[in-house]
Amino acid sequence: MTGARHDERPPAPEPRPGARGRRVPPVTATLFLVTGAVTAAQFAFPGVLAALRRDPGALASGEWWRALSPLLVQSPGWQALVTVPAIAALGIPAERIFGAKGVLALYLVPAAIGEGLGYVWQPHGAGNSIAVLGLAGALVSWLFLAAQEKGWPRPLLNRVRIWGAAVLAGAVVDNAFHDIHGLPTLAGAVIGAGILLRRRRGTSSV
(Lines give C-alpha, C1' and ligand atoms only; values in the text may rest on other atoms or scores of the structure.)
Protein backbone atom coordinates (compact mmCIF):
# COMPACT_ATOMS: atom_id res chain seq x y z
CA MET A 1 0.00 0.00 0.00
CA THR A 2 1.43 3.37 -0.98
CA GLY A 3 2.49 5.66 1.80
CA ALA A 4 3.11 2.84 4.23
CA ARG A 5 6.04 3.39 6.58
CA HIS A 6 8.92 1.03 5.87
CA ASP A 7 10.42 1.25 9.40
CA GLU A 8 7.42 -0.32 11.10
CA ARG A 9 8.08 -3.70 12.67
CA PRO A 10 5.57 -6.30 13.84
CA PRO A 11 5.28 -6.43 17.63
CA ALA A 12 7.39 -9.01 19.42
CA PRO A 13 5.44 -12.12 20.32
CA GLU A 14 4.31 -12.40 23.91
CA PRO A 15 6.15 -15.06 25.96
CA ARG A 16 4.21 -18.26 26.29
CA PRO A 17 2.52 -18.76 29.66
CA GLY A 18 4.70 -20.92 31.88
CA ALA A 19 7.77 -20.65 29.62
CA ARG A 20 9.74 -18.92 32.37
CA GLY A 21 8.79 -21.59 34.88
CA ARG A 22 10.14 -24.34 32.60
CA ARG A 23 13.57 -22.72 32.31
CA VAL A 24 16.34 -24.81 33.85
CA PRO A 25 17.21 -23.16 37.20
CA PRO A 26 20.85 -22.05 36.82
CA VAL A 27 22.01 -22.44 40.43
CA THR A 28 20.58 -25.94 40.70
CA ALA A 29 22.11 -26.91 37.36
CA THR A 30 25.53 -25.62 38.46
CA LEU A 31 25.40 -27.42 41.80
CA PHE A 32 24.32 -30.64 40.10
CA LEU A 33 26.99 -30.53 37.39
CA VAL A 34 29.88 -29.57 39.68
CA THR A 35 28.98 -32.08 42.39
CA GLY A 36 28.34 -34.81 39.85
CA ALA A 37 31.66 -34.19 38.09
CA VAL A 38 33.76 -34.19 41.26
CA THR A 39 31.92 -37.22 42.63
CA ALA A 40 32.54 -39.09 39.38
CA ALA A 41 36.22 -38.13 39.60
CA GLN A 42 36.55 -39.73 43.03
CA PHE A 43 35.77 -43.15 41.53
CA ALA A 44 38.40 -42.73 38.81
CA PHE A 45 40.99 -41.11 41.09
CA PRO A 46 40.72 -42.25 44.74
CA GLY A 47 42.97 -39.40 45.85
CA VAL A 48 40.13 -36.95 45.18
CA LEU A 49 38.10 -38.29 48.10
CA ALA A 50 41.12 -38.20 50.42
CA ALA A 51 41.86 -34.60 49.42
CA LEU A 52 38.33 -33.27 49.93
CA ARG A 53 36.65 -35.25 52.72
CA ARG A 54 36.41 -34.10 56.32
CA ASP A 55 39.78 -34.36 58.06
CA PRO A 56 40.19 -32.33 61.26
CA GLY A 57 43.97 -32.57 61.25
CA ALA A 58 44.26 -31.39 57.65
CA LEU A 59 41.77 -28.56 58.28
CA ALA A 60 43.74 -27.43 61.33
CA SER A 61 46.98 -27.51 59.33
CA GLY A 62 45.66 -24.96 56.84
CA GLU A 63 43.63 -26.92 54.28
CA TRP A 64 40.75 -24.45 54.62
CA TRP A 65 38.81 -25.82 51.65
CA ARG A 66 37.86 -28.84 53.73
CA ALA A 67 35.29 -26.66 55.49
CA LEU A 68 32.92 -27.19 52.53
CA SER A 69 34.72 -29.45 50.02
CA PRO A 70 33.24 -32.62 51.61
CA LEU A 71 30.00 -31.59 49.82
CA LEU A 72 31.61 -32.48 46.50
CA VAL A 73 32.51 -36.10 47.26
CA GLN A 74 30.61 -39.02 48.76
CA SER A 75 31.56 -41.44 51.50
CA PRO A 76 30.39 -44.17 51.31
CA GLY A 77 30.37 -43.99 47.53
CA TRP A 78 27.02 -45.72 47.03
CA GLN A 79 25.16 -42.74 48.47
CA ALA A 80 26.00 -40.79 45.31
CA LEU A 81 23.14 -42.68 43.65
CA VAL A 82 20.74 -40.80 45.95
CA THR A 83 22.37 -37.57 47.02
CA VAL A 84 23.56 -36.28 43.64
CA PRO A 85 20.20 -36.78 41.84
CA ALA A 86 18.53 -35.23 44.91
CA ILE A 87 20.16 -31.90 43.99
CA ALA A 88 17.99 -31.79 40.88
CA ALA A 89 14.92 -33.40 42.42
CA LEU A 90 14.76 -30.88 45.28
CA GLY A 91 16.70 -27.99 43.82
CA ILE A 92 14.52 -27.42 40.76
CA PRO A 93 11.27 -26.84 42.69
CA ALA A 94 13.15 -25.00 45.45
CA GLU A 95 14.77 -22.57 43.01
CA ARG A 96 11.45 -21.90 41.27
CA ILE A 97 9.87 -21.13 44.63
CA PHE A 98 12.67 -19.31 46.47
CA GLY A 99 14.72 -17.91 43.58
CA ALA A 100 18.39 -18.31 42.71
CA LYS A 101 19.80 -16.47 45.74
CA GLY A 102 17.33 -18.23 48.00
CA VAL A 103 18.22 -21.73 46.84
CA LEU A 104 21.93 -20.95 47.15
CA ALA A 105 21.42 -19.91 50.76
CA LEU A 106 19.21 -22.94 51.39
CA TYR A 107 21.94 -25.22 50.07
CA LEU A 108 25.07 -23.65 51.55
CA VAL A 109 23.97 -22.41 54.97
CA PRO A 110 22.57 -25.78 56.16
CA ALA A 111 25.63 -27.43 54.58
CA ALA A 112 27.98 -25.20 56.58
CA ILE A 113 26.04 -26.02 59.76
CA GLY A 114 26.21 -29.73 58.95
CA GLU A 115 29.93 -29.64 58.23
CA GLY A 116 30.53 -27.83 61.52
CA LEU A 117 28.63 -30.56 63.35
CA GLY A 118 30.42 -33.17 61.27
CA TYR A 119 33.81 -32.07 62.50
CA VAL A 120 32.55 -32.55 66.04
CA TRP A 121 30.32 -35.65 65.76
CA GLN A 122 31.51 -37.42 62.59
CA PRO A 123 34.98 -35.99 61.91
CA HIS A 124 35.83 -38.26 58.97
CA GLY A 125 33.23 -38.36 56.22
CA ALA A 126 31.81 -36.65 53.16
CA GLY A 127 28.59 -36.10 51.22
CA ASN A 128 26.11 -33.48 50.11
CA SER A 129 23.12 -34.97 51.95
CA ILE A 130 23.29 -32.24 54.59
CA ALA A 131 22.85 -29.66 51.83
CA VAL A 132 19.95 -31.32 50.01
CA LEU A 133 18.19 -31.78 53.35
CA GLY A 134 18.33 -28.02 53.76
CA LEU A 135 16.35 -27.81 50.51
CA ALA A 136 13.96 -30.46 51.82
CA GLY A 137 13.34 -28.47 54.99
CA ALA A 138 12.56 -25.35 52.98
CA LEU A 139 10.07 -27.22 50.80
CA VAL A 140 8.33 -28.47 53.94
CA SER A 141 7.96 -24.85 55.07
CA TRP A 142 6.45 -24.04 51.68
CA LEU A 143 3.95 -26.88 52.09
CA PHE A 144 2.65 -25.34 55.30
CA LEU A 145 2.90 -21.65 54.41
CA ALA A 146 2.20 -21.29 50.70
CA ALA A 147 1.21 -24.54 48.97
CA GLN A 148 -2.50 -23.82 49.43
CA GLU A 149 -2.13 -20.99 46.91
CA LYS A 150 -1.57 -23.62 44.19
CA GLY A 151 -5.14 -24.87 44.56
CA TRP A 152 -4.22 -28.39 45.61
CA PRO A 153 -7.18 -30.47 46.84
CA ARG A 154 -7.29 -30.20 50.62
CA PRO A 155 -7.10 -33.99 51.29
CA LEU A 156 -4.00 -34.30 49.10
CA LEU A 157 -2.36 -31.28 50.71
CA ASN A 158 -3.04 -32.63 54.18
CA ARG A 159 -1.49 -35.99 53.31
CA VAL A 160 1.62 -34.35 51.90
CA ARG A 161 1.88 -32.12 54.97
CA ILE A 162 1.89 -35.22 57.18
CA TRP A 163 4.98 -36.43 55.35
CA GLY A 164 6.51 -32.99 55.70
CA ALA A 165 5.88 -32.94 59.42
CA ALA A 166 7.49 -36.39 59.64
CA VAL A 167 10.61 -35.00 57.97
CA LEU A 168 10.89 -32.26 60.59
CA ALA A 169 10.18 -34.68 63.44
CA GLY A 170 12.87 -37.00 62.12
CA ALA A 171 15.29 -34.07 62.03
CA VAL A 172 14.66 -33.38 65.72
CA VAL A 173 15.32 -37.03 66.55
CA ASP A 174 18.49 -37.00 64.42
CA ASN A 175 19.81 -34.03 66.32
CA ALA A 176 19.09 -35.69 69.65
CA PHE A 177 21.21 -38.66 68.56
CA HIS A 178 24.05 -36.46 67.28
CA ASP A 179 23.31 -37.19 63.64
CA ILE A 180 24.58 -34.33 61.51
CA HIS A 181 21.53 -34.35 59.21
CA GLY A 182 19.00 -33.06 61.74
CA LEU A 183 20.05 -29.46 62.28
CA PRO A 184 20.63 -28.72 58.55
CA THR A 185 17.08 -29.88 57.82
CA LEU A 186 15.66 -27.62 60.50
CA ALA A 187 17.87 -24.74 59.36
CA GLY A 188 16.52 -25.10 55.83
CA ALA A 189 12.96 -25.03 57.19
CA VAL A 190 13.66 -21.85 59.18
CA ILE A 191 15.39 -20.07 56.29
CA GLY A 192 12.66 -21.11 53.86
CA ALA A 193 9.93 -19.92 56.22
CA GLY A 194 11.74 -16.61 56.65
CA ILE A 195 11.91 -16.04 52.89
CA LEU A 196 8.22 -16.86 52.44
CA LEU A 197 7.06 -14.69 55.33
CA ARG A 198 9.19 -11.75 54.24
CA ARG A 199 7.82 -12.09 50.73
CA ARG A 200 4.27 -12.17 52.11
CA ARG A 201 4.86 -9.03 54.19
CA GLY A 202 6.27 -7.27 51.15
CA THR A 203 3.25 -8.20 49.08
CA SER A 204 0.75 -7.11 51.72
CA SER A 205 2.42 -3.72 52.13
CA VAL A 206 2.06 -2.82 48.45
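His 178 is partly exposed, with a relative accessible area of 45%, where partly exposed is the range between buried, under 20% relative accessible area, and exposed, over 50%, as found with a 1.4 Å probe and protein chains only. This histidine sits in the loop between helix 6 (154-176) and helix 7, and its phi is near 60°, a positive value in a residue other than glycine. The model is a predicted one, in which local features need pLDDT of at least 70 and side-chain atom pairs count only at pLDDT 80 or more, whereas totals for chains, interfaces and linings use all residues. Residues are numbered from 1 along each chain as its sequence is written, and side-chain values use heavy atoms, with hydrogens and water left out.

Apart from neighbours within four places in sequence, Asp 174 is in contact (heavy atoms within 4.5 Å) with Asp 179, His 181 and Gly 182. The C-alpha atom of Asp 174 is separated by 9.8 Å from that of Thr 185, eleven residues apart along the chain. Thr 185 belongs to helix 7 and is buried, with a relative accessible area of 3%; residues up to four places away not counted, Thr 185 touches Leu 133, Gly 137, Val 167 and Ala 171.

Taken as a whole, the protein chain holds seven helices and zero strands, where helices (H or I, at least four residues) and strands (E, at least two) are DSSP runs numbered from the N terminus. Of the 206 residues in the protein chain, 36% are buried. Among its contacts between residues at least 6 apart in sequence, 75% join residues at least 24 apart. The protein chain exposes about 11900 Å², of which carbon and sulfur atoms supply 69%, with accessible areas taken from the Shrake-Rupley method with a 1.4 Å probe, and only the protein chains shown counting as cover for residues.

For Tyr 107, leaving aside neighbours within four places in sequence, the contacts are Leu 31, Thr 35, Ile 87, Asn 128, Ala 131, Val 132 and Leu 135.

Helix 4 also holds Leu 104, which at 37% relative accessibility counts as partly exposed. Together with Leu 68 and Leu 108, Leu 104 makes a nonpolar surface patch of about 210 Å²; patches are made of residues with over 30% relative accessible area and no salt bridge, with like charges joined within 9 Å and nonpolar side chains (Val, Leu, Ile, Met, Phe, Trp, Tyr) within 5 Å.

Where do charged side chains meet in a salt bridge, and how many such pairs does a search of the whole structure find? The search finds two salt bridges, each defined as a side-chain nitrogen of Lys or Arg within 4 Å of a carboxyl oxygen of Asp or Glu. In one of them the side chains of Glu 115 and Arg 54 meet at 3.1 Å, N to O, and this pair links distant parts of the chain, with Glu 115 in helix 4 and Arg 54 in the loop between helix 2 (47-52) and helix 3, 61 residues apart. Both Glu 115 and Arg 54 are buried. A salt bridge also joins Glu 63 and Arg 66 at 2.6 Å, N to O; Glu 63 counts as partly exposed at 24% relative accessibility, whereas Arg 66 counts as buried at 5%.

Glu 95, in helix 4, is buried yet has no salt bridge, the nearest side chain of opposite charge being Arg 23, 6.2 Å away, where Lys and Arg count as positive and Asp and Glu as negative, while His and the chain ends are not counted.
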